[in-house]
Amino acid sequence: MRALVTGATGFIGSHLVEGLLKRGYEVSCLIRKTSDLRWLEGLDVKYIYGDCSDKESLIQCIRGFDYIFHLAGLTKASSKEDLYCINAKGTENLMEAVARNNEGVRRFVYLSSLSAFGPALNDKLPNEEMKPHPVSDYGLSKLKGEDAVLKYRDRVPVSILRPAAVYGPRDRDFFLFFKFVRKGILPNWGESRVSLVYVDDLVNAIILCGEKEKSIGETYFISDGMIYSSSEIINEIASAFQVRPTQVKLPKAILPVIAFFGEKVNRLRKKTTMINRDKVKEITYPNWFCDISKATRDIDFKPKTNIKEGIKWTADWYRIHRWL
């Protein structure tokens with residue numbers, strides 16, 4: 001079984017590579033020459049150089065693979081144009097290359113996001129039959145990526161996953177939350193309810209989605225099956241660090257101002273973080289959860305990691321690797 005993974009050098013992608021190797025897959029990673037390979041060092045993988053934003057570079061890259069797992073994408077960027085270029089156009093470029101140059105592919109799995117669907121409205125538990133309503137450029141760019149995948153579903157067997165907020169070792173986005181709690185001061189802009197998924201469970205869902213025939217042409221929400229209040233999450237992280245953080249209440253109206261200055265600092269440091277105006281568009285909505293019944297039914301997805309275990313393992317990893 002030959003698998004190609006895009007985004008293999010990232011948080012979720014590197015865990016997927018490890019999961020595929022454990023299951024006996026022969027794994028190749030589509031990377032750029034500037035990619036940071038730290039999480040792939042020592043693994044029995046093949047590197048293939050290409051870029052989803054460069055259509056011509058993909059023609060030779062995708063031939064001969066049984067499975068293609070497309071995880072490459074941006075969760076944050078210095079401009080919305082970058083989000084659409086990578087998440088939407090990059091996905092379309094890859095799909096076109098697969099359709100034209102790999103007729104024998106058994107499955108193309110696209111990792112989207114709950115943001116592509118949007119927040120839960122009127123406290124109704126979202127399912128895959130409901131119409132998406134993304135509220136951020138990130139979410140819309142991922143939805144356009146989904147559209148690009150489905151455009152080719154008559155020629156390529158495709159599947160789409162929309163995970164809730166993902167956490168675990170190596171993650172830099174959720175890390176900011178852990179960092180605030182560990183320091184003992186946490187901004188609070190009101191109670192929210194969210195779904196989460198530990199990275200190992202998501203990896204299992206991705207592989208199951210690729211292997212199960214019933215998932216062809218389908219889209220699935222993925223989480224650990226629970227809905228957590230922001231207070232529950234904070235308490236679990238605080239318990240892992242054995243601290244009692246002080247919560248500083250912030251009105252939601254001030255968040256765009258904080259994000260604006262955060263972007264200014266990011267530009268000076270030539271970095272991108274989750275403190276940006278596009279992310280504020282999402283956090284002003286309090287409910288981000290989903291129904292995983294379809295994934296449970298179709299691909300036999302059964303999350304194994306509860307929030308207490310997952311947060312403890314993640315916090316321990318941050319400490320061991322001196323991120324905190």
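Predicted model: local features only at pLDDT ≥ 70, side-chain atom pairs only at ≥ 80, totals over all residues.
Two strands count as paired if DSSP finds at least two bridges between them. Helices (H or I, at least four residues) and strands (E, at least two) are themselves DSSP runs, numbered from the N terminus. Residues are numbered from 1 along each chain as its sequence is written, and side-chain values use heavy atoms, with hydrogens and water left out.

Four bridges join β1 (residues 2–6) to β4 (residues 67–70), and the two strands run parallel. They belong to an open sheet of seven strands, with parallel pairing and the order β3-β2-β1-β4-β5-β6-β11. Because β3 (45–49) and β11 (219–222) stand at the edges with a single partner strand each, one side of each is left without a neighbour in the sheet.

Let us return to Y67 in strand β4. Y67 is buried, with a relative accessible area of 4%; buried means under 20%, exposed over 50% and partly exposed in between, using a 1.4 Å probe and protein chains only. Leaving aside neighbours within four places in sequence, Y67 is in contact (heavy atoms within 4.5 Å) with residues including M1, Y25, V105 and G210.

Next come the nonpolar cores. Such a core is a set of buried Ala, Val, Leu, Ile, Met, Phe, Trp, Tyr and Cys residues joined through side-chain atoms within 4.5 Å. The largest one has 64 residues, and I12, L16, L20 and I206 are among those with the most contacts inside it. Helix α6 (residues 199–211) gives the most to this core, with eight residues. Apart from it lies another core, of 22 residues, including L4, F65, I68 and V98.

Finally, look at how two helices meet. The axes of α1 (residues 11–22) and α6 come within 9 Å and cross at roughly 60°; axes are lines fitted to C-alpha atoms, for helices over the stretch in contact, and angles run from 0 to 180 degrees between N-to-C directions. Among the residues making the contact are I12, L16 and L20 of α1, together with V203 and I206 of α6.
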